[in-house]
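Subject: Structure for you to look at

Hello,

Here is the structure I said I would pass on. My notes on it follow below.

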Amino acid sequence: MADIAKLVEELSKLTVLEAAELATALEEAWGVSAAAAVAVAAPAGGGDAGAAAEEKDEFDVILTGDGGKKIQVIKEVRAITGLGLTEAKGLVEGAPKPLKEGVNKAEAEEIKGKIEAAGGTVELK
């Protein structure tokens, strides 16, 4: 335990930039993501709330904004939903609006990634 305490003490001296570089280096070296590790660790300490989050298998994908990239987001919304130009434009301009409802986690994450890559913002509920 003394070695761990020393390591924590040394790591506490890092600047934010150095800590970010360390996280990136560890992700590359170990082939893992720090975000994934946090997501895995969170339910362990969450008690009943963590168990409820694990059981959720349907998500609503809510478009919360276009991030100033309205045209790109409209194109992506059309590709995801199959809506026409006018309907997709109305959905994007009316954000926050549900983009898709009752989808599985993998599909919800995929949609979120596509919208964020286009410049928009998404919330999963």
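I start at the end of the chain. Lys125 touches Lys56, Glu58, Phe59, Asp60 and Ile62, leaving aside residues up to four places away in sequence. Lys125 belongs to the segment that follows β3, which spans 121-124. Its relative accessibility is 48%, so Lys125 counts as partly exposed. Between the C-alpha atoms of Lys125 and Gly102 the separation is 9.6 Å, and these two residues are 23 apart along the chain.

Please keep in mind that this is a predicted model. The mean pLDDT of the protein is 80, and 79% of its residues reach 70 or more. Residues 36-41 have a pLDDT below 50, and this stretch has zero contacts in the model beyond near neighbours in sequence. Where pLDDT is low, the predicted coordinates should not be read in detail.

Overall layout

The protein has seven helices and three strands. Along the sequence they follow the pattern α-α-α-α-β-α-α-β-α-β. Of the 125 residues in the protein, 17% are buried. Among contacts with a separation of 6 or more, 65% are between residues 24 or more positions apart.

Helix α5 and its two contacts

Helix α5 covers residues 70-81 and helix α7 covers residues 105-118; their axes come within 8 Å and cross at roughly 155°. An angle over 145 degrees counts as roughly antiparallel, and α5 and α7 are therefore roughly antiparallel to each other. Their crossing is right-handed. On the α5 side the contact is made by Gln72, Val73, Glu76, Val77 and Ile80, and on the α7 side by Ile111, Lys114, Ile115 and Ala118. Sorted by class, these are six nonpolar, one polar and two charged residues.

α5 also packs against α6, at an angle of about 120° and with the axes 9 Å apart. That makes α5 oblique to α6. The crossing of α5 with α6 is right-handed. From α5, the residues involved are Lys70, Val73, Ile74, Val77 and Arg78; they meet Leu85, Ala88, Lys89, Leu91, Val92 and Glu93 of α6. This contact divides into seven nonpolar, no polar and four charged residues. Val73 and Val77 of α5 are listed in the contact with α7 and also in the contact with α6.

The loops on either side of β2

Pro96 lies in the loop between α6 (85-93) and β2. The peptide bond leading from Ala95 to Pro96 is cis, with omega near 5°.

Leaving aside residues up to four places away in sequence, Asn104 touches Asp57 and Phe59. Asn104 and Glu58 are 46 residues apart in sequence, yet their C-alpha atoms are 4.9 Å apart in space.

Regards

How values were computed
Residues numbered from 1 in each chain as written. Predicted model: local features only at pLDDT ≥ 70, side-chain atom pairs only at ≥ 80, totals over all residues. Heavy atoms only, no water. pLDDT = per-residue confidence, 0-100. Contact = heavy atoms within 4.5 Å. Axes fitted to C-alpha atoms, helices over the stretch in contact; angles between N-to-C directions. Helix = DSSP H or I, 4+ residues; strand = E, 2+ residues; numbered from the N terminus. Parallel < 35°, antiparallel > 145°, perpendicular 65-115°, else oblique. Left-handed = near helix turned anticlockwise from the far one by under 90°. Nonpolar A, V, L, I, M, F, W, Y, C, P; charged D, E, K, R; others polar. Buried < 20%, exposed > 50% of the residue type's maximum accessible area, 1.4 Å probe, protein only.
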